[in-house]
Amino acid sequence: MVAAAAASVASQAQAVLRGRLCDPGFVHSALRSSPDTNYSKLKYLVASSVSEACNNSVLLLGPRGCGKAAVVDMVLEDLKKEHPDAISVIRLNGMLHSDDNCATKEIARQLCLEHQLSFSKMASSDDNTEFIIDMLRECGLAHKTILFILEEFDLFAQGKQRLLYSLLDAMQSLTSQAVVIGVSCRLDADQLLEKRVRSRFSHRKLLFVPSSLEDTQRLVEHLLILAKDSGLPAKYITDYNSRLTNIFSDKKFKGILNSLMDADATTSNILRFLFRAVSYMDMESGFLSMESFLKALSSLQRQPKMDSLQDLSILELYILVCMHRLEDKEQSSYNFTSIMKEYRSIQDAYKTSDKYASTVCFRAFEHLLDRELISFGDNRGRNQALEYRPVKLLISSRELAQSLKLNTTCPALLQKLFDRERYM
Amino acid sequence: MSQPVTPRRTTRSSAGSVSDPASPSKSRPKSTPRRQLIPAAAKEEGEDERSSINVLLEALPGRRAQASDLLRLLAPAPALPLLLYGGAATGKTRALLLALRHIRPRPQRVAYAALRSLPSPRALFASLLSQLSPPPSSSASSRQRVPDKPSDFVAALRDALAGLCAQGEAVYLVFDNLEVVRSWEKGGQLLALILRLHDLLRLPQVVLVYVSSATPDAYYSMTGSVEPNHIYFPDYTVDEVRDILIRGHPNPKLYASFLSVALTPLFRVTRRVDELGAALEPLFRRYCEPLGDLEAVPDESIKRRLFEHIQPHLAVALNETFSVPMRASVDQFKDGNSGGKASTKRQFGSRDSLSTELEFHMSVSAKYLLLSAFLASRNPATLDAALFDSTGGSDNHRRKRKSSQASMNMKDTMVEEMLMKGPGTFPLERLLAIFQCITSVSEDALNDVECPDSMMNGSGMTGLMSDVLLQLSTLCNSNFLSKSRSCPLEGSARYRSNIDEDLALKVARSVSFPLSKYIYRR
């Protein structure tokens with residue numbers, strides 16, 4: 001009975017933690033309190049344009065998973081609280097609305113929704129553009145700022161950039177009052193703009209970089225330490241937190257964080273790691289342990305190529321080794337028939353039991369293609385038979401050597417065939 | 001209310017139908033033997049949590065680690081996207097669909113889209129939206145326009161999901177066979193859209209699950225701000241395969257002794273359970289042949305006897321990828337109990353007396369046409385005159401070979417080129433010329449079978465020509481020959497033979513044509 005109660009408390013705690021990790025607002029909420037962050041810069045910029053009734057534009061650049069969109073969301077949330085009637089937000093995504101007609105339609109739709117107007121699906125693109133310009137003027141006269149959030153900004157810069165031009169051009173007039181916030185993971189997104197667009201763009205850029213080790217440690221603590229008022233038994237919370245602080249001060253944990261950040265230091269990667277660790281929480285004891293962190297790290301550090309090399313049958317390994325031998329002979333290109341020739345010559349020379357008919361070998365060859373360990377060398381010749389299309393290896397000789405060494409069922413001959421020609 | 005999810009492959013095909021995504025009665029007949037290897041899980045509707053997890057692990061042999069990972073990562077509801085990857089026939093879809101039935105709290109809504117059976121973005125959008133729209137209004141929604149633009153789709157999907165999430169329900173969206181999208185037209189865009197749905201929807205109660213046989217490296221450049229968590233499904237080990245195959249077998253002892261003989265050699269060739277199952281089934285029938293009683297538990301002496309019985313069959317099975325059921329069994333065939341066209345065929349033991357040869361249901365002239373196409377593809381056109389001289393090919397051929405011998409180096413590169421280029425193409429005229437030559441060489445063989453009036457030299461020429469053209473198109477349709485693009489200079493269509501030398505030799509033997517004399521070897 002006690003154990004069941006403990007388990008239910010633990011699963012409650014797990015649910016709380018998972019909810020936190022999946023909520024970008026909570027993840028980045030620590031930024032609110034600290035000065036001189038991108039959050040405060042963006043907030044100052046947008047807030048001053050709203051209060052001074054001027055036009056502005058800014059680009060948020062940085063790799064994926066660094067919290068650009070989350071910062072925008074937080075700023076918008078704050079501004080909506082401070083100026084409830086003075087802003088309206090239009091959100092576009094480059095993946096969905098990179099087409100100009102589609103984008104103007106979407107802007108018109110959102111403007112209508114925002115101002116309780118009825119939106120006509122049948123309106124033409126020209127009507128919509130006109131409507132947008134009218135709305136910009138009207139809003140400017142009413143001292144209401146329209147915020148355009150353009151996610152995946154680089155995709156809007158494809159093609160004629162008519163949308164960007166008409167938006168930024170409309171903002172040149174004194175009557176309008178709008179802010180364009182572009183979000184992109186391409187650091188050269190502003191270089192993609194045409195001259196006429198670039199000259200109308202205020203070259204304000206906020207750069208987002210992956211966080212440092214100290215910041216990450218602070219983030220992990222912020223995410224995992226349970227607050228007193230989270231609705232769980234007070235004793236559980238103190239126990240949980242004290243165990244967690246012990247883990248955090250452990251040298252091993254610092255090592256885990258280091259190796260994690262060596263690979264990828266973005267916030268999303270940290271979140272993914274923590275999510276796994278929390279999911280691996282030991283339900284019997286109900287606390288996070290070092291094992292869960294270690295397990296989460298090892299699951300993030302898998303090498304898919306090596307894994308699928310371990311899954312190969314002996315015949316498939318033979319074919320890979322044959323291909324590797326052909327490559328070592330500096331044959332410029334080869335196909336299945338030349339692989340079979342090599343395979344036959346090996347089988348004739350060593351008289352192994354692994355001599356199979358060519359249809360069986362071809363099936364193994366197709367398995368390798370399926371696993372994407374090999375691929376066809378060219379995209380031409382679609383009508384040519386598969387046996388004659390040139391192929392290439394997609395693995396390095398080091399990977400192949402390692403997998404042969406790790407494979408316990410691999411015949412010694414195969415190892416020898418692989419090694420022999422390396423030293424010759 | 002809950003979406004019925006069957007853990008069988010049938011769900012994949014039925015999910016493609018827009019009207020009713022999972023009607024078991026309709027999809028049952030489509031089930032493949034591959035899934036029948038694994039007995040369907042027992043019904044476990046009203047059981048408690050602990051035992052239901054045990055049932056899950058029981059239903060997924062060899063997938064303990066993956067199943068427990070799935071249960072932990074899928075529920076409770078706010079969860080990061082998940083990517084299941086691993087080779088074909090490793091139980092990804094099955095494990096996922098079974099786990100979705102076992103997680104607590106039970107998911108109220110699961111939308112499953114197998115991209116292999118939804119060949120266009122529009123079909124995908126339609127399938128997902130119809131699975132998410134509430135049942136009573138399904139008739140109304142079918143009249144609605146299916147969105148074909150991604151922006152309309154995401155808006156519609158968000159509307160549908162927001163309604164469900166407002167009721168506090170967790171919704172699982174499953175995208176199966178993700179790897180096929182890459183080869184679609186504009187597949188990259190659709191794939192990016194699917195992988196970034198988490199960013200686009202911004203609904204924490206929606207859990208996205210992707211299933212792919214391609215490794216995660218294929219998707220790195222397309223993911224949004226949140227990369228999915230990965231679960232790797234490795235191929236089964238030999239012990240796991242044995243467990244899977246024995247499960248649900250009527251006589252496990254006998255089958256185990258059979259597997260101890262047959263599985264290890266076959267496992268060296270392929271590790272896929274579906275292929276192993278298909279190869280082992282006919283072998284087991286052979287294995288049981290000497291036994292009178294299939295229920296008997298074999299002892300050591302019987303095992304040894306059965307082993308000796310199966311040994312030659314095993315060697316044959318290792319070299320086959322599939323076996324074709326014969327119309328007449330081999331024994332009948334040997335007794336001479338064959339009629340009709342089979343008179344021209346002989347049982348020719350190439351590798352093994354046990355090997356069952358393919359029967360060619362093909363007219364003799366089609367066989368000759370096939371052979372001449374093979375020769376036209378393999379031999380250089382310049383040698384045709386020497387090979388098919390009216391004075392008899394073989395003598396000339398030998399002389400020609402000697403004169404064409406070049407230096408070893410030259411020869412090697414020629415062979416290499418030949419291997420790389422594959423069979424050559426030829427115009428129709430050349431094919432017909434060779435056809436005439438080789439039919440005239442073995443005239444006697446033809447005269448036995450073919451009607452004399454159509455084969456008369458001179459008078460029946462036009463009849464023969466039209467007949468041959470008909471045969472040619474038949475051969476093209478059955479993919480023995482392929483029509484390649486026309487030559488830019490001549491403007492006429494060129495052909496290429498797709499058959500390999502083994503098959504050509506078999507065909508030649510069936511009409512007793514000395515093919516090897518005519519093949520030009522360097």
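Which residues of chain A does UniProt list for "domain: ATPase AAA-type core"? A few notes on this predicted model follow, starting with that one.

1. **The annotated span.** The UniProt record, an unreviewed entry, gives residues 58-204 of chain A for "domain: ATPase AAA-type core". In the model, the end C-alpha atoms of residues 58-204 of chain A lie 5 Å apart.

2. **Domains of chain A.** The assignment for chain A has three entries to keep at hand: domain 1 (34-207), domain 2 (212-302) and domain 3 (306-423). Taken over C-alpha atoms, the centres of domain 2 of chain A and domain 3 of chain A are separated by 43 Å.

3. **A helix worth a look.** Helix α15 of chain A covers residues 267-279, which is 13 residues. From first C-alpha to last, α15(A) reaches 18 Å, close to the 18 Å expected at 1.5 Å a residue. Is α15(A) mostly covered or mostly open? It is mostly covered, with 13 of its 13 residues buried.

4. **Where chain A meets chain B.** The contact draws 50 residues from chain A and 45 residues from chain B. On the chain A side, the elements that give two or more residues are α1 (2-21), α6 (94-97), α7 (100-114), α15, α17 (304-310), α18 (314-328), α19 (336-350) and α20 (358-371). So which element of chain A provides the largest share? That is α20(A), with 6 residues. Sorted by class, the side of chain A that touches chain B has 18 nonpolar, 15 polar and 17 charged residues.

5. **Chain B overall.** You will find 25 helices and 8 strands in chain B. Of its 522 residues, 35% are buried. Among the contacts in chain B with a separation of 6 or more, 73% join residues 24 or more positions apart.

6. **Domains of chain B.** Chain B is divided into domain 1 (53-134 + 145-235), domain 2 (243-321) and domain 3 (359-389 + 421-443 + 463-521). Between the C-alpha centres of domain 1 of chain B and domain 2 of chain B there are 38 Å. Their contact takes 5 residues from domain 1 of chain B and 7 residues from domain 2 of chain B. What classes of residue does domain 1 of chain B bring to that contact? Its side has 3 nonpolar, 1 polar and 1 charged residues.

Key:
Residues numbered from 1 in each chain as written. Chains lettered and ligands numbered in written order. Predicted model: local features only at pLDDT ≥ 70, side-chain atom pairs only at ≥ 80, totals over all residues. Helix = DSSP H or I, 4+ residues; strand = E, 2+ residues; numbered from the N terminus. Expected span 1.5 Å × (residues − 1). Buried ≥ 20, exposed ≤ 12 C-beta atoms within 10 Å, placed from the backbone. Domains from an automatic or database assignment. Contact = placed C-beta atoms within 7 Å. Nonpolar A, V, L, I, M, F, W, Y, C, P; charged D, E, K, R; others polar. UniProt positions renumbered as here; feature names shortened; annotations may be inferred.
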